[in-house]
Amino acid sequence: MDDTRPGIVTLHYMYYAIILFWTTIIVTCLVSYFTERPLPEHLDQTTIWTKTVLAEKPPAQKEPEPKTVETPSAEVAGEMPFYLKAYNWVCGFEGIREEEKEGKINFAGMYQSKEMRWITRVNSATIFLSGVVMYILFSSGKDLP
């Protein structure tokens with residue numbers, strides 16, 4: 001009996017996985033090779049080697065004066081239209097805080113407590129080992145009961 005399916009369908013899934021793996025590696029290397037290196041200030045706290053290092057920032061340039069826009073009296077009085085209240089509720093906005101107005105927002109750092117670091121490592125190991133176990137079980141060629 002002739003198999004009339006297209007060739008991609010008859011390709012074994014493990015061969016397909018190998019093709020995808022090497023294609024991903026080649027594309028990643030080509031993109032990395034042909035793009036510019038990132039500036040040091042863009043790498044602050046993004047890699048293990050720059051986790052605790054803060055690069056020196058260039059001196060701040062003078063920013064233009066922001067334009068002032070008059071707001072409607074309803075917003076000044078604290079009243080908002082229903083659709084804005086619903087939008088803010090759905091998105092989790094509670095209005096602009098004083099810190100945000102002044103530009104002094106405290107972003108979360110990369111610090112982890114010992115407990116969180118331990119939980120993260122245990123979860124990573126569990127995910128990795130479950131992937132290895134599934135790979136061994138499903139690629140062994142034997143049907144499971």
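Predicted model: local features only at pLDDT ≥ 70, side-chain atom pairs only at ≥ 80, totals over all residues.
User: Which helix has the highest mean pLDDT, and which the lowest?
Analyst: For the background, the protein averages a pLDDT of 75, and 63% of the residues score at least 70. Among the elements, the highest mean, 94, belongs to helix H2 (residues 13-34). At the other end, with a mean of 45, is helix H3 (residues 73-76).

User: Over which residues does pLDDT stay under 50, and how many contacts beyond four places in sequence does the model have for them?
Analyst: The stretch in question is residues 71-77. Helix H3 covers residues 73-76 and has the lowest mean pLDDT among the elements. For residues 71-77, the number of contacts beyond four places in sequence is three.

User: What share of the residues of the protein count as buried?
Analyst: Let's begin with the surface: the protein exposes about 14900 Å², and carbon and sulfur atoms supply 64% of that area. To count as buried, a residue needs a relative accessible area under 20%. Of the 145 residues, the share that does is 1%.

User: How many aromatic pairs does the structure hold, and what is the angle between the planes of Phe-21 and Trp-22?
Analyst: The structure holds two aromatic pairs. Phe-21 and Trp-22 form one that is edge-to-face, with 5.1 Å centre to centre. An angle over 60 degrees counts as edge-to-face, and for Phe-21 and Trp-22 the angle between the planes is 75 degrees.

User: Are Phe-21 and Trp-22 buried, exposed or partly exposed?
Analyst: Phe-21 has a relative accessible area of 46%, while Trp-22 is at 49%. Exposed would require over 50% and buried under 20%, so both Phe-21 and Trp-22 count as partly exposed.

User: What is the distance, centre to centre, between Tyr-33 and Phe-34?
Analyst: Tyr-33 is exposed, with a relative accessible area of 65%, and Phe-34 is exposed at 64%. Their aromatic pair is edge-to-face, with 85 degrees between the planes. Centre to centre, the distance is 5.0 Å.

User: Which residue's backbone oxygen lies 2.9 Å from a polar atom of the side chain of Thr-35?
Analyst: Thr-35 sits in the loop between H2 and H3. With a relative accessible area of 47%, Thr-35 is partly exposed. The backbone oxygen at 2.9 Å from its side chain's polar atom belongs to Val-31.

Definitions and conventions:
Residues numbered from 1 in each chain as written. Heavy atoms only, no water. Buried < 20%, exposed > 50% of the residue type's maximum accessible area, 1.4 Å probe, protein only. Areas by Shrake-Rupley, 256 points an atom, 1.4 Å probe, with all protein chains shown as cover. Phe/Tyr/Trp six-rings, centres within 6.5 Å; stacked < 30°, edge-to-face > 60°. pLDDT = per-residue confidence, 0-100. Helix = DSSP H or I, 4+ residues; strand = E, 2+ residues; numbered from the N terminus. Contact = heavy atoms within 4.5 Å. Polar contact = N/O pair within 3.5 Å; in protein donor to acceptor, adjacent residues only side chain to side chain.
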